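The stops below go strand by strand.

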Amino acid sequence: MTDEWLSERARAAEASVGTGFDLSQCVRERIHQLGGVQSHGTLLAVDPASALVDTAAENTGALLGTPADELVGRPVTAVLADADWAEALAASAEADFVAATLPVTAGSPGHRTGFDLSAHRREGLVVLEFEPRDEGDAFRFAGFYQEVRRALRRLRSAGTVDDCCRAAVGEVRRLTGYDRVVAYRFDGADGPGEVVAEDVREGWEPWLGLWFPATDIPPQARRLYEENWIRVIRDVDDPTVRLRPERRPASGTPLDLSGAALRTVSGYHLEYLRNIGVRSSMSVSLLREGRLWGLIACHGAEPRTLAPEVRSACELFGTAFSMQLAAIEERHRADALERSGRDVATVAGLLEEDVDASLLRHESAVRDLVGADGVLLVRGGRVSSAGLPVPEEVVRALGPYAARAASGGVWSTDRLPELLAADGTGPGPEACPAGVLLLPVGRSGDYLAWVRQERPTPRDWAADPARPVLVGPQGERLTPRGSSAVFRSMIRGRSLPWTARDQAAATEMGRLLTELVLRHADELDQLNDELRMTNLDLDSFAHVAAHDLKEPLRGIANAATFTLEDAAESLDATSVRRLETMRRLAARMDDLLNSLLHYARMGRTGLHREDVALDDVLDAALEVAGPRLAEERVRVVRPQELPRVGADPDRLFEILLNLLVNAAKYAADRPDRTVQVAMEDAVAPGTGRAGPAVVVRDNGIGIPDERQEEVFELFRRLHGPRERGGGTGVGLAVVKRIVERHGGRLWLTSTPGEGTAFYFTLGEEPPGEVGG
């Protein structure tokens, strides 16, 4: 078709509607409450309890012999036989929305004629639609239904979605006689649509492969397509018949005609049809899982009336088509599950006890499972990835999607940048993977994800999607649609779609991972139980051994003391020195046993958590450690106020006391000796996450890197027993045990000659009494 023809078509469409077009108004239009019907039939809305007419179309006088104003408020039996009204009342009561159709003779006395009567209920009323009946149709429909049965058989033989669409458009065109029939598939619930199959009369534009802007079918129209399987427009130039009254007194709005076959049409849609050279149309909804998947759209060059039987047959065909789509999809899913099961089993055979590490060791096989460009594993706050890099903000943004995903299910998108932009999270599209297939694992928010990079895709549009309207002499107008106005664009920010096979493979991988993790968790629980019993035995042994050893040790020390006191003058110097060494070693052993008893007690006594002021506990610790700090000239630095924490106050006292005494013992030879106690945000080793921690920081002698782990070991000292104030080497081991009993972490940072900072957290358990 020529540009001259296009211009003529646009001008004709513009002239037919007038001025003041506003696309945003089109989107807001309440198309189910336009207050009118198409003129080839008429409509009554009747109160089912009283049988009084509530609303009537203005053309009842021409079709039923009684003007609308006279019918409103009168019994419907003035134009409809009692038996037919009773049948319509009973038939419409079976469903709130689906119309029941029956042949009737209706009209006022002297004006009775044959109609197809459709009845359904809406807003508490029985909506009756009268369409004049051609008595010759009964003969034609006998053969028509044989054609419908053959069409349904051919549809059932289709093995793929494309085959199904091609078969459907051919059969619908043969059944209805329209000049063009296309299968139109939506790209997402609110996206544009693509013509995936067509059957068109010679001389009409081919539309196969063209895309149409999402604004062509606004949201409210899509919702109606989900409620009504079929929509017929007899003539785009039909004069709309208004309803009386125009608005219902109770609601102040026009009657809801969502379920009415005769419902009038939006002026915007009429302009759209004129713009593409269409005089009559029919749309049949294609649903998948209750959502609009696409449409079968039919266009005619001349006005076309479809009897209720034909509409019902097309509606049946649309239902069968939707079921066939679901069956094909389910068959593909089953085939995909079978194939992917074998592939996943091969990958699962590569996994070892350390599931996380082995997944990444064999990341190439894991990626190939679904044809991904990268793989990402997030577990317990640890992030591991391979292949296509994933920015940290995307890793965080995917956590809530994993948490919301159904247990054992997967979540996927091929347009992640769009999604994150709508949520206000994530980086710009150039730094973000375009597609993600996400499998929740373990705890809430943990996941295994496959990612794909962007795959730019060319798309041919029937109109510029960025300019669905143009400005003309009479304001904004809908632009023409069709192959003569192709606009080519490149779709960016999307990956290849995830197929049913990809999703089946991910689901099967999730099942096997769950089995592995659970099996390893059972083994770990068993080992933990054994370790717990061993620890209890060791605690008991240490307590009993230390307690029982103290008695003979005390005897040795006393014997040495008494010998020195009673026989010192008769002993030679060597014997005296040996006895003094024995007494000193006994005292040293007594200190070690006391420390061992104290350490063992930490594993046997319960914690009594409560909400305590850290300042109060620090004050108590300084009462004991203060003299030692003053003796070593160590100044205490503390903020104006420390926060409250959930901890056992006695055990927290021991932590602070040990760390403060430690600062005094290992003060450096400098005039400005300090120890600081504060609450800071710090990153615990191995977590990668910052959080609040108590820090005790000194500017003492520091600890060499290679010996920093040793200081937390029992009886381990970095200096001799008589150096740096002595001690048993138990203090920091006790601190570590108390912190771990609280569910917290203890670590240090140190630079020799500059000082040491001890950090500890106290876990997230709420205040309260906790048994040991």
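**Around strand E18**

Select Val375 first: this residue stands opposite Trp450 in E18. The model is predicted, with local features needing pLDDT of at least 70 and side-chain atom pairs counting only at pLDDT 80 or more, while totals for chains, interfaces and linings use all residues. Residues are numbered from 1 along each chain as its sequence is written, and side-chain values use heavy atoms, leaving out hydrogens and water.

Strands here are DSSP runs of E, at least two residues long, numbered from the N terminus. Two of them pair if DSSP finds at least two bridges between them.

Next, select residues 374–379, strand E14, which runs antiparallel to E18 and is joined to E18 by five bridges.

Now select 447–452, strand E18 itself: six of its six residues are buried (under 20% relative accessible area, with a 1.4 Å probe and protein chains only). Which residues cover each side of E18? Tyr447, Ala449 and Val451 lie on one side, and Leu448, Trp450 and Arg452 on the other, all buried. In a regular strand, side chains alternate between the two faces of the sheet.

Move to residues 435–440, strand E17, which pairs with E18 in the antiparallel sense over six bridges. Pro440 has Tyr447 in E18 as its bridge partner.

Then select Thr413, which stands opposite Val436 in E17. Three bridges join E16 to E17, again antiparallel.

Finally, show the whole open sheet: five strands in the order E15-E14-E18-E17-E16, with antiparallel pairing. Its edges are E15 (382–387) and E16 (411–413), each pairing on one side only. From one strand to the next the twist averages 10 degrees, taken between axes fitted to C-alpha atoms, with angles from 0 to 180 degrees between N-to-C directions.

Definitions and conventions
Buried means under 20% relative accessible area, exposed over 50%, partly exposed in between (1.4 Å probe, protein chains only). Helices (H or I, at least four residues) and strands (E, at least two) are DSSP runs, numbered from the N terminus.
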